[in-house]
Amino acid sequence: MHNRKSQLLIISLVLFAGMLFAVSISAREPMASTTPSLKEVALTFDDGPYGTSTQAVLDILQKEDIHATFFLIGRNVEKYSSLTKEEVNDGELIGNHTYDHPKNLPLMTLAHIRSEISKTDTAISSSTGIHTKFFRPPYGRITNRVRGELHKEGYTIVMWNTDPRDWDYKGAPSDAIVNRILSHLKDRMVIDLHDGRDTHVGYPRDNLIKALPILIDKLKADGYTFVTVDKLKGNFIQ
Ligand SMILES: [Zn+2]
């Protein structure tokens, strides 16, 4: 009688352990069979090239072994021609961000818009030999009329879906830049950053330069692949 009870207890324990094992296997299975989501991030830098700030950004990108996209102001390209060339030589993608960084592109005549774009194209091609077909409107201001004109000229318009407002120097210390991005993670991100600021002189960029390596390391640890905007699809590419 006693033996019979022990046998039943042992059988029950073995069955129970078997069940636990089966449950633990089935709990793992869905994760193993699910295709991992593709996390891609494009770092984009506007309003440069901008002297030592742009140089610092390029150095960080090289050290981290990643590439980014730079939307250049024609006037700054003329001032920092060799830096523009270095961006291309490093393998970064460059785009057109107008010549003078006008406040409101949609209010301008088509002739004026064309001249903003073509003057920048001339500056970029004289420095690098490249005619870029990527364009970002200053302040993201665009209308169907401007979009139509740019498409006619063969441009792809690149907006963004993540904005840490890093240009606001006092309002965006480095930890705020990092936190604003990491608290709004998406599978595909185009982050709007600034290595310069339109045509200002002496504009400090140390908040961004301090934030950048921290941000890149966290995104890498989270499984993100760094891409230039020509590799991305989404409603921010128009
Ligand atoms: Zn800008």
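Helix 2 (residues 51-64) comprises 14 residues and reaches 20 Å from its first C-alpha to its last, close to the 20 Å expected at 1.5 Å a residue, where the expected span is 1.5 Å times one less than the number of residues. The model is predicted: local features need pLDDT of at least 70, side-chain atom pairs count only at pLDDT 80 or more, and totals for chains, interfaces and linings use all residues. Residues are numbered from 1 along each chain as its sequence is written. Helices (H or I, at least four residues) and strands (E, at least two) are DSSP runs, numbered from the N terminus.

In helix 2, Ser 53, Thr 54, Val 57, Leu 58 and Leu 61 are buried (20 or more other C-beta atoms, placed from the backbone, within 10 Å of the residue's own; exposed means 12 or fewer, and partly exposed in between). These residues lie on the same side of helix 2, because they cover an arc of only 135° around the axis, taken from the directions from the helix axis to the C-beta atoms. On the other side of helix 2, Thr 52, Asp 59 and Lys 63 are exposed. The cover over the buried residues includes strand 1 (40-48), helix 4 (81-89) and helix 8 (206-221), with contact defined as C-beta atoms, placed from the backbone, within 7 Å. Just after helix 2, Asp 65 takes a positive phi of about 60°.

The protein chain as a whole has eight helices and seven strands. Of its 238 residues, 35% are buried.

Methods:
Contact = placed C-beta atoms within 7 Å.
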